[in-house]
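Thank you all for coming; before I say anything, please take a moment with the sequence and the model on the screen.

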Amino acid sequence: MANNQNGLVQLEFLTTGTVRIRPSMRSQPVGNFAILRRLKSIFDREWTESLPVGVFLIRHPEGIFLFDTGQSPCCNDAGYFPRLAIFNGLLSQFTITHQDGILEQLHRRGIKATDLKGVIMSHLHNDHAGGLEDLVAEAPDLPIYISREHWKAFGEHPVFASMEGATPNHWPKGFSPRIVDLQDKQLGPWKQSYPLTEDGRIVIVDTSGHVPGHVGLVVYGDSPDQTKVTYFLPGDATYGLEFLDKEEPDGINDDPVRAQETLKTIKEFARETEVVVLPSHDNDTPRLLAERVVYLPSDPK
C-alpha cells in the first residue's frame, strides 16, 4: 500500500465525524476587528448545519500522504480539552465515533500508519490535529510537516495554543515535527512554495490568516479517467466557495486582513489555473471532488 504503482496522483476526502459551529465563525466582513469578530462568534446563539471534519488522503507514486488528521474520537470525553480552552463548547459541537477516527478509516482501506509517507498539517487546531496522537502511536517515525511560522506560534507556546483551540496535551510525546521553510520557488501568485515530492505534484503554499503559518496544498492530480486535474486544499483558509467569492475570512482569526489577502491570492491562482478548490468543512466538497468542478472566481458584491 506504500505507493501508487500506476504513477497516478489520486485524492480521497475522508470525514472524521461532523461539527456544528456558530454561523459567525464561518465568515465575517474583514472590517470587523479581531476582538469584535471573536465576541460576535461567542455571543452568536445559532448553529450551522452539521459540517464535515475533513481529511484528504493523497495517493502518490512516492507514497501515501495525509493532509490533516481530523478530530479525535475521544474529543467528547470529559477532560479531553485543556482547561484553557474555555470557549470550545460554546463554539463547536462534535459528533464522532471510534469508527470515524482517522486510524480506523485508514485500517479499513488496508493502510497502516507505517505505510504513510508523511502528514501535512494545515495547522494544529484540535479538529485538524486530533488524529496525530493515534497515528504517531502506531508509527513513531511518521514525518509530520508543519510550517515554521505556525510551529513558532503554536508549537513553541503550548499555553497560547491551548487558548487558541489546539490540544497540546494530546500531541505525541516529545512531538518534533519536520519544519517547513518555504523556498523561493514561485507557484502562480505565490512567490514561495515548498514542493513536497520530487516530481513537484504536491506543493505546500502559505495560506496564513486563520492562524499564523497556516498552509494549503496544491495537488497536481489525476481523475479516475486519468485526465490531469489541479486541486487546491485550503484547509481553514475558507469554509466554502461562497465565502471565498465574497473574500470574507472566518470569524475567529487574529488577522482578518492577512486572511483576506490569502483569499485574494487563492482567487488569483484560480484565474490563472483551472483548479478544483476543496474546503475541509464544506458539505459540497465530496461533490466538487467527484465531479471535479472547476472553481470560477467572481468579484465580491
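This is a predicted model: local features need pLDDT of at least 70, side-chain atom pairs count only at pLDDT 80 or more; totals for chains, interfaces and linings use all residues.

Is Ile35 buried or exposed? Ile35 counts as exposed because its relative accessibility is 56%, where exposed means over 50% relative accessible area, buried under 20% and partly exposed in between, with a 1.4 Å probe and protein chains only. Residues are numbered from 1 along each chain as its sequence is written, and side-chain values use heavy atoms, with hydrogens and water left out.

Ile35 belongs to helix 2, residues 34–43, helices being DSSP runs of H or I with at least four residues and strands runs of E with at least two, numbered from the N terminus.

A pocket here is an open set of points on a 1 Å grid over the protein atoms alone, where a 1.4 Å probe fits, with protein on both sides within 12 Å along at least five of seven lines, and lining residues have an atom within 4 Å of a point. The largest pocket holds about 590 Å³ of space, and of its 27 lining residues, Met25, Leu91, Glu164, Gly165 and Ile252 lie nearest the centre.

Finally, Thr15 sits in strand 1 and is partly exposed because its relative accessible area is 29%; its C-alpha atom is separated by 22 Å from that of Val275, 260 residues apart along the chain.

Note on methods
Grid points are joined across faces, edges and corners, and a volume is the space filled by probe spheres set on the points.
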